[in-house]
Amino acid sequence: MNKTNNPKLKHNAQELRKDMTKEERHLWYDFLKDLPVTVNRQKVIGNYIVDFYCAAAKIIIELDGSQHYEKQGLKYDSKRDSYLSDLGIAVLRYSNEDVNKNYDGVCEDILKHL
């Protein structure tokens, strides 16, 4: 199987694209969509669906809600990030609060990594 494609998750990814969070919509429509590099939303990579993926820069952008800061969420994210790192992909994580309160800073940080 191609490590960056899992047909079993395709439908889930399509549904997540239709039902993005308020913060994901804001970042996508007001910034990521118009970048000069291609960024995919809700991209399937292996057994995971990532929020945003830029293949040219090998960067994933994740927006984390409160569940990501609980014990189980931290453990899951650590395992997931390790898998993605093994593929040579860097993961940038921002909280939803970061997007709501420091949107310009989040965008500047993403540009710095691209």
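**View 1. Strand β3, covered on both faces.** In β3, I59, I61 and L63 on one side and I60, E62 and D64 on the other are all buried, where buried means under 20% relative accessible area, exposed over 50%, and partly exposed in between (1.4 Å probe, protein chains only). With six of its six residues buried, β3 is largely enclosed by the rest of the structure. Helices (H or I, at least four residues) and strands (E, at least two) are DSSP runs, numbered from the N terminus.

A word on the model before moving on: this is a predicted model, in which local features need pLDDT of at least 70 and side-chain atom pairs count only at pLDDT 80 or more, while totals for chains, interfaces and linings use all residues. Residues are numbered from 1 along each chain as its sequence is written, and side-chain values use heavy atoms, with hydrogens and water left out.

**View 2. The neighbours of β3.** Two strands count as paired if DSSP finds at least two bridges between them. β3 runs parallel to β4, joined by six bridges, and I59 has A90 as its bridge partner in β4. With β2, β3 pairs in the antiparallel sense over three bridges; here C54 stands opposite I59. Four residues lie between β2 and β3 in their hairpin, and K58 in the turn has a positive phi of about 55°.

**View 3. The hairpin of β1 and β2.** Strands β1 (residues 40–45) and β2 (residues 48–54) run antiparallel and are joined by five bridges. Look for V44, which stands opposite I49 in β2. Two residues lie between these strands, and G46 in this hairpin takes a positive phi near 65°.

View 4. Y103, V106, C107 and I110 are the buried residues of α5 (residues 103–113). Seen down the helix axis, they fall within an arc of 95°, so they line one face of α5; the arc is that of the directions from the helix axis to the C-beta atoms. An α-helix has 3.6 residues a turn, so residues three or four places apart point the same way. On the other side of α5 you will find D104, E108 and K112 exposed. The buried residues of α5 pack against α2 (22–30), β3 (59–64), β4 (90–95) and α4 (96–101), with contact meaning heavy atoms within 4.5 Å.

**View 5. Confidence along the chain.** The predictor's confidence in each residue is pLDDT, from 0 to 100. Its mean over the chain is 86, and 84% of the residues reach 70 or more. Among the elements of the chain, α5 has the highest mean pLDDT (97) and helix α1 (residues 10–18) the lowest (69).
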